[in-house]
Amino acid sequence: MSGFVDLHAHWVPAVDDGVKTDAEALEMLRGLAALGYARCVATPHIRTAMFENRRPGLEDAHAAFVGRVQGEALPELGLGAEHFFDDVFWGLFQRGEHLPYPGGKAALVELPPERLPLRLEHVFFEMRVRGVRPILAHPERYRDFYDRSDALEPLLDAGAVPQLDLMSLVGRYGRHPQRAAERLLDEGFYYLACSDAHRPADVELVGRGIERLRELVGREEADAMLGDHPRRVLAGDPDFE
Ligand SMILES: [Fe+2]
C-alpha cells in the first residue's frame, strides 16, 4: 500500500471549527489527494465548553457525509476524534465512549497549550495499558515545549507518540511553534506528521509543510512520517519507543 495517510484534520462539515459545508470538505479532500494522500481520517474536536461532540453524533455526521459524497474520487475516508485532555475526556475513555482511530488501537489527544496537565503521564500509561496508544497532537504548539524538550520524555516513556502539525513548519502558528517543531524534529521526537487542516486554504500550507519536512529530515524519513508510520499507528504497532 502506498500514499500518505492523514491522521489529523477537520473535514466533517459543521461539527467543529473545521469546514462548514460539503463543498469545502470536498475541496479540502481533493487538495489533500493531490498532495499524495490516499487515506484521510477526520478528527473532529471533542472539547468541553467549545465543541460538545460525542461519539454517536460524530459517527452519524461522518457516515452522512460519506453517503452524500459517494461516487466522488476521494482518498479512503475514516473517523477518529481530537480529544481535549481534561477530566471529561478521562471519563469518556474509562466508559469506552471516546472515539479512537479506525481499528481502535490509538486515539488522538490534544493538551491545553499554556500549561501541561498534572498526572498526564499516568493517564497516557493507563491508556496504553488498556490497548489504546495516545497520539499526542502537535507538541510544538504547547508553551512547555517551545524552548526545551525534557518535559516530553516522561510522556514518551508512558507511551505517547508525538505527531507533528505540518503547518507548524511554515509558520502557521507563529515563530515559537515553528522553531520548536524544527528543534523537536532535529532531536528525533516525532513519529508521524499530519495536516490538521481546518479549511481548503490550509492545503497549500500543508503542501509547503511537506516540502519543508523533506528539506529538514530527507525525503525517505519524511515519507515514512507521512505514510508508513501513520499506517503502523492504525495497525497498533508503531515501532516507536
Ligand atoms: Fe486539530
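What is the order of the six strands in the open sheet? I read β3-β5-β6-β7-β8-β9, with parallel pairing. Before going on, I noted that this is a predicted model, where local features need pLDDT of at least 70, side-chain atom pairs count only at pLDDT 80 or more, and totals for chains, interfaces and linings use all residues. Residues are numbered from 1 along each chain as its sequence is written.

**Six-stranded sheet**

I looked at the edges. β3 (45–46) and β9 (192–194) stand there, each with a single partner strand, so one side of each has no neighbour in the sheet. Pairing here requires at least two bridges found by DSSP between two strands. Helices (H or I, at least four residues) and strands (E, at least two) are DSSP runs, numbered from the N terminus.

β3 pairs with β5 (residues 82–84) in the parallel sense over two bridges. His45 stands opposite Glu82 in β5. β5 in turn pairs with β6 in the parallel sense over three bridges. There Glu82 stands opposite Leu108 in β6.

Is β6 buried or exposed? Five of the five residues of β6 (residues 106–110) are buried, so the strand is largely enclosed by the rest of the structure. Buried means 20 or more other C-beta atoms within 10 Å of the residue's own, exposed means 12 or fewer, and partly exposed lies in between, with C-beta atoms placed from the backbone. In a regular strand the side chains alternate between the two faces of the sheet. I checked the directions: Ala106, Leu108 and Glu110 point one way from β6, Ala107 and Val109 the other way.

**Three-stranded sheet**

I found another open sheet, of three strands in the order β1-β2-β4, with parallel pairing. Its edge strands are β1 (4–6) and β4 (76–79), and each pairs on one side only. Neighbouring strands are turned by 15 degrees against each other on average, direction ignored. β2 (residues 37–42) pairs with β4 in the parallel sense over four bridges. Cys40 stands opposite Leu77 in β4.

α1 lies across β1 and β2, running at about 140 degrees to β2. Axes are lines fitted to C-alpha atoms, for helices over the stretch in contact, and angles run from 0 to 180 degrees between N-to-C directions. Contact means that the C-beta atoms of two residues, placed from the backbone, lie within 7 Å.

**Helix contacts**

How do α1 and α7 pack? α1 (residues 22–35) and α7 (residues 202–217) have axes 10 Å apart, at an angle of about 20 degrees. They are therefore roughly parallel to each other. Angles under 35 degrees count as roughly parallel, over 145 as roughly antiparallel, 65 to 115 as roughly perpendicular and the rest as oblique. Met28, Gly31, Leu32 and Leu35 in α1 meet Val203, Val206, Gly207 and Ile210 in α7.

I then turned to α8 (residues 219–235). α7 and α8 pack at about 130 degrees, with their axes 7 Å apart. They are therefore oblique to each other. Ile210, Leu213, Arg214 and Val217 of α7 make the contact with Arg219, Glu221, Ala222, Met225 and Leu226 of α8.

**Met50**

Where is Met50? I found Met50 in the loop between β3 and α2 (55–68). Met50 counts as exposed because it has 11 C-beta neighbours inside 10 Å. Met50 and Arg183 are 133 residues apart in sequence and 31 Å apart in space, C-alpha to C-alpha.
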